[in-house]
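The sequence and the model come first.

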Amino acid sequence: MTEPSAAGGAGPRGGADAGGKAAPGSDIPGMDPEILAAIRSGLSGPGPKKLPASLLYDELGTALFEAISALPEYGLTRADERILRRHAPAITRGLATPLLVAELGSGTGRKTRWILDALASRQTTHYYPIDISETALAKCATVLGRLPAVRFEAIHADYLAGLASVAAQRRSAHHLLVLFLGSTIGNFEPDAARSFLREVRRTLKPGDALLLGTDRVKPAPTLIRAYDDPLGVTAAFDRNLLARMNRDLGASFDLALFRHEARWREAERRIEMHLVAKRAHEVAIPALDLRVSFKDGESIWTESSYKFEKDDVAKLAKAAGFEVAAEWVDEEWPFAEALLRV
Ligand code: AVJ
């Protein structure tokens, strides 16, 4: 699973440098200039420090997220898959055919398999995983690339650009099912979530649908354990962001000087991940020509994960021009799969 590249994430959208010459580090492989600008603005200045959550998902970060998904304390991914496994026939029953399926984020392909199996038992289905990570797409191809009655076409693009290209290829008889699973929408700030879903809605036509996965609000201790597990896998996932800046930007973060913290913001209904400095110190980021100073206890906010009540999803859907046609909820780990109709 990778982060949205078009919007969302915990970090601010930094403006590009106004000057004529390229900013230092604007041509670092694997990091686009927008991300570099967001790192710079997120770590500069006196305000609270923030980094773009998309930085968490390099090769190692993606592997660590897969490990998180196997933790007993983190029920989200298993709940998502359980719903799709149990209810794929019901979820797909009312959809018009012939059908194109576009998935925002290719994930491991494991969950999606259930939907494709249910559809392909009726007729040939076109499946377009959309991801900015080539590695993720390649993995998805090994799981879903050779299913009978499924035509697989990976799209290497950000979500909205990828979706636009699928929509442009469709014939008038084709209907479109968009999958946005795993509560990735929870990583968007509420305004960004609404405008993102509005953009998705704009590419759809009557008869099309969006299957949206959202993690429900749970008791605070359950949530805190899910995002600060006793094995320390989530802490490793979070701190990998610093390790990555050391690897890719030549930064000098001392990982031992930061501890991982999960905070539940009841009023906002979100989990925040923070990396908290254990004492005052300075860090250099040569590729950005930047020195960053930390006070004792100062944190870098690395990710938000919004949790939803039933009403939140209905409101969000409505604000984006959808209505909730049906919803399936996992009882063991409250998580909802909503089928939104145009
Ligand atoms: C993959 C974005 C849904 O927010 O729960 C897991 C990422 N972060 N543990 C989430 C994550 C910390 C995850 N999503």
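## Cis peptide bond

Pro98 sits in the loop that runs between α3 (76–93) and β2 (99–104). The model is a predicted one. Thr97 and Pro98 are joined by a cis peptide bond, with omega at about -5 degrees.

Ser183 belongs to the loop between β6 (175–180) and α7 (190–202).

Most peptide bonds are trans, and most residues other than glycine have a negative phi.

## Ligand site

There are 14 residues around the ligand, and the ones that come nearest are Tyr74, Asn187, Tyr227, Glu303 and Ser305. By class, the shell around the ligand consists of 9 nonpolar, 4 polar and 1 charged residues.

For Tyr74, a side-chain N or O atom is 2.6 Å from an oxygen atom of the ligand. For Asn187, the distance from a side-chain N or O atom to an oxygen atom of the ligand is 3.4 Å. For Tyr227, a polar side-chain atom is 2.5 Å from an oxygen atom of the ligand.

On its own the ligand has 350 Å² of accessible area, and the protein covers 100% of it.

## Packing of α2 on α9

Helix α2 also has a contact with helix α9 (residues 233–249): the two axes come within 9 Å and cross at roughly 180 degrees. The crossing angle is over 145 degrees, so α2 is roughly antiparallel to α9.

On the α2 side the contact is made by Leu60, Gly61, Leu64, Phe65, Ala67 and Ile68. On the α9 side it is made by Val233, Thr234, Ala236, Phe237, Asn240 and Arg247. The residues of this contact divide into 8 nonpolar, 3 polar and 1 charged.

Note on methods: Residues are numbered from 1 along each chain as its sequence is written. This is a predicted model: local features need pLDDT of at least 70, side-chain atom pairs count only at pLDDT 80 or more; totals for chains, interfaces and linings use all residues. Side-chain values use heavy atoms; hydrogens and water are left out. A residue is near a molecule or strand if one of its heavy atoms lies within 4 Å of it. A polar contact is a pair of N or O atoms within 3.5 Å; within protein, one must be able to donate a hydrogen and the other to accept it, and residues adjacent in sequence count only if both atoms are side-chain atoms. Accessible areas come from the Shrake-Rupley method with a 1.4 Å probe; for residues, only the protein chains shown count as cover. Ala, Val, Leu, Ile, Met, Phe, Trp, Tyr, Cys and Pro count as nonpolar, Asp, Glu, Lys and Arg as charged, and the others, Gly among them, as polar. Axes are lines fitted to C-alpha atoms, for helices over the stretch in contact, and angles run from 0 to 180 degrees between N-to-C directions. Helices (H or I, at least four residues) and strands (E, at least two) are DSSP runs, numbered from the N terminus. Angles under 35 degrees count as roughly parallel, over 145 as roughly antiparallel, 65 to 115 as roughly perpendicular and the rest as oblique. Contact means heavy atoms within 4.5 Å.
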